Amino acid sequence: MIVASPDDFAAFFEEVHGYPPFPWQTRLQRLVAESGRWPRVLDLPTGSGKTAAIDIAIFHLSLEADHGKARRAPVRIAFVVDRRLVVDDAFLRAQKLQKALATPQGPVTARVAQRLKKLSGDGPPLIARRLRGGIPREDDWARTPSQPTILCSTVDQIGSRLLFRGYGVSDSMKPVHAGLIGSDCLILLDEAHLAEPFRQTLEWVHEYRGKNWRQAEYAAPWGVALLTATPRERPQEVFQLEDEDWEHPILGKRLKVSKRARLVEAAKGTAKGEEAARPTGNEAEEGDSDLGRRIAAILKEVHASIDHFRGAPPPAIGVVVNRVVRAREVFRQLREEIGAEEADCLLLIGPSRPVDRDNVADQLASIRTGAERTLQKPLIVVATQCIEAGVDIDLDALITEAAPLDALRQRFGRLNRAGRDIRPYAVIVAAKSDLSARTDDPVYGKAIRPAWDCLQEAAAANGSDPRVEFGLRDFAVCMEKDALSRKDDAPILLPAHLDLLSQTSPIPAADPEVALYLHGTSRQPDAITILWRGDIDPKNQNDEQVRRLLLLVPPRSAEAIALPLWAVRRWLEERGQALADLADIPTAGPEGRDDGARGEMRRAFRWTGDTERSRWITPPELRPGDTIVVPASYGGVDQFGWNPACQEPATDVGRKAAEPFSGRRFAVRVAPGLLEASVTGDALADALAGAVSEQWQDLRAALFDLDLPEKVRSDLEVLDNANRKESVAAYLDLYGEEDGRPRGVVFVAPFGIRGYRQEEDGRPNTTEDDTTGSLFGFPLSLRQHSQDVEKKAEAFAQAAGLPGARVADLKLAGFLHDIGKVDPRFQAWLNSGDPLGPDPEEPEAILAKSGRPLPRAAHAASGLPEGWRHEAFSVRLSRYIARFTEAKDQDLKLVLWLVGTHHGHGRPFFPHSDPADSLSQRFPSVLGLPSLLPPGPGPQSLAFDWQGLDWPMLFARLKARYGTWELARMEAILRLADHRASEESA
């Protein structure tokens, strides 16, 4: 037997990290292990190692892994912070844990890994994932309902999923994500004081998950812990540092270090650099001289800080400003004034593509807390608010713009973070506009002036040394409410709102605005996801061409940026004046302000997968949660991130973003916008038109005669190593034609390339809809698939810790879920429109998956009504199968609901009607079907009746019995079982 004990935590921690835990970490682990609950608030200052809460959660899960339905530790841990992170150190820690458990280097880690395997089954002991901007059709992170998982993400991504409105998640998958975040999940809300509206919403979610809102006794474990040193209120359940922490030889240094800062009013300093500062948009409202003095004061202090460390090792200097545009201007002037010979300059802004972001983050390795200092010259890091959370760096000097007191404390948490024996340099700069009583800052409102007054009062109290102490032990600034960042309130999440949010098929017209529950009522941070591709063009490609291109080469979150809707809309309209308001915290956009004439209405492609909603749109058509793809020729992004003033074409990083997936799908795009200037569009078109045939080998051979970029040539050569080489195909019709010649080509190896690394998760979602779910590499019989899903659903439900009755119902639902596919019309469709379909006397000929491509015309030829859903027919048929009496939930028949919603439709409506419901129908003898089905309405009809309940009423009753999120989790278990069973049969 694998034995684990709370006493093993210190050894586990040291085996993973190479050093022992701090005293508070050991105390918290023991508290959680004994009580099975997390304190409501972890009152821990920045620099105290609070991301170790992730280690504690995973260790606690290992202790309870074999407790079944009595398990108190959730299998998913979501570490959430309300920032656009440049360096996500929580994720780096999660990756370290994942690696340590995958290849244990010590006996305790090995025992923890073995216990976690009781939950993960065939999966790894632990997976760590970053939930970034949602991308429709991107391979999902959730592969099994009991896989131990660490998710690192933002309020937008976790919160929208929790409330059934996952940003970028397809409507059909929204309930799956809600069920997995809203049940069997621990949410660690880091810097909770930055996300007060979401904290309030989590309180309501906790209430609606309680026993007063469900009839069933059992519900999966779920909880929230707030990580913050400045909680808005002081609840009873607060976990804090104790004397042994303050006296610890390492932690004590961090807690007691001095960080004294001077206050500088830029308006009183030199106006050096005024002419160099070129304010744009709302920056101009401050006045040219005010902005010039602000930047000049910052530049002056950077030079002074370099002088401060003359003769000492080169310093790391942080420059933190309040706007993205301002950060770029400071960065530009620093590079011009100081030069690469004297110092290295780095720009950190939150809105950047992860592919680019990782390159920038690598340059911070030498200034991470505890890292060996290897700087050969000063490193100047210019940053926005993104540096305030999730970035574990240790600066020698800090020059920051004035900000509310809580924001300043976060910034000073990066200064001498390790408590080194140095004399740090710190300055807070305020401009004239910051201190005006009339100023209502777009980011911080009216809080900067009161904060400055509090700082001046604290400085004056120090007499001859008028500086302000920001060290944790000696900080003595009065934290007046007006001097803190504005804390908005979320609207009350009423039961009626939750009922509307839980409806995902279709989304109700009267849909509650989910952003209000995440960020409050006075801000409008509606986000969209944007990415750049060099091979799309609204002038040459229609909706169908771009849709097919993106299906072949799917957008990935690693190439995308999440941005406020208003910022992208105004950029596409070429109205740049409001862009100066953009910061790295949610702020109200200038939507109501007319601040300049519109330029050209540049179009973007809305991506929703293989649906009619995937199409070219104009800026006014943008909606919150959209994913859009824009031509790289628009510019708007550079190596550091979002740069709306950039006119240079963006770099297409789609190939780099797809690298982790190349072992199972590989594509090479050769088209205008992706090739260097040495290959003209005419030369490319001539080469493609002159190919011997349209076979991929002939087209590739024709391209090799061109002066292709080395990376493109290398990728084309890699096609020779394709898995199932006979399946490689070329697509010429995606880019349109020029003078009758194809403008580009895409080569696709659908089964990937030999030798490429494959992720454990994220394989194609094989059953999300009838079109993709019924396409297969070979025919799969309905009998076999039903048995496979039945077994997988039972195994998943047991591993997830469900009570025996629910396990039995999920098992039965797995057996019945696809029975509706016996419809002769559906079978005709799977047989490419053959009206005769399979031989009804041969049960193995009744298919669940097709072994051949299904042309679009086949659906119409089959006679299926538009939008017809086989799962609705499965509900109607299930009641006539003998095994249906095995259902444990006899009165409400949970089985019917799970069968009907196993593709995400029917919550609570289906998108079709079926005239065949009024007819008696004969079926082949398969899975216990009766030979004759009497007429009757399916759940898509309001005439459907189950013990006096129509389908929407059944939905309401089941939510009341099991709870809104627990019902969604059971749906997720069946759907994931369907996905994995299909995948394993391929």
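Let me start with helix α3, residues 53-63, and helix α4, residues 89-102, which in this predicted model pack against each other at an angle of about 35°, with their axes 10 Å apart. The crossing, as α3 passes α4, is right-handed. If you look at the residues that make this contact, α3 contributes Ile-54, Asp-55 and Ile-58, while α4 contributes Ala-90, Arg-93, Leu-97 and Leu-101. Sorted by class, the contact of α3 with α4 comprises 5 nonpolar and 2 charged residues, with no polar ones.

Now to confidence. Helix α3 is where the confidence is highest in the protein, at a mean pLDDT of 98, whereas the lowest mean, 42, belongs to helix α25, residues 770-773. The protein as a whole averages a pLDDT of 87, and 89% of the residues score at least 70. Two stretches deserve a separate word: over residues 269-286 the pLDDT is below 50, and that stretch has 40 contacts in the model beyond near neighbours in sequence, while residues 758-776 are also below 50 and have 80 such contacts.

Finally, please turn to Trp-452, which lies in helix α16, residues 448-460. Is this tryptophan, Trp-452, buried or exposed? Its relative accessible area is 2%, and because the cut-off for buried is under 20%, Trp-452 counts as buried. Leaving aside neighbours within four places in sequence, Trp-452 is in contact with Leu-263, Val-264 and Glu-265, with Ala-402, and with Ile-428, Ala-430 and Leu-435. Ala-403 is 49 residues from Trp-452 along the chain, and the C-alpha atoms of these two residues are separated by 8.0 Å.

Note on methods
Residues are numbered from 1 along each chain as its sequence is written. This is a predicted model: local features need pLDDT of at least 70, side-chain atom pairs count only at pLDDT 80 or more; totals for chains, interfaces and linings use all residues. Side-chain values use heavy atoms; hydrogens and water are left out. Axes are lines fitted to C-alpha atoms, for helices over the stretch in contact, and angles run from 0 to 180 degrees between N-to-C directions. Helices (H or I, at least four residues) and strands (E, at least two) are DSSP runs, numbered from the N terminus. A crossing is left-handed if the near helix is turned anticlockwise from the far one by less than a right angle, and right-handed if clockwise. Contact means heavy atoms within 4.5 Å. Ala, Val, Leu, Ile, Met, Phe, Trp, Tyr, Cys and Pro count as nonpolar, Asp, Glu, Lys and Arg as charged, and the others, Gly among them, as polar. pLDDT is the predictor's confidence in each residue, from 0 to 100. Buried means under 20% relative accessible area, exposed over 50%, partly exposed in between (1.4 Å probe, protein chains only).
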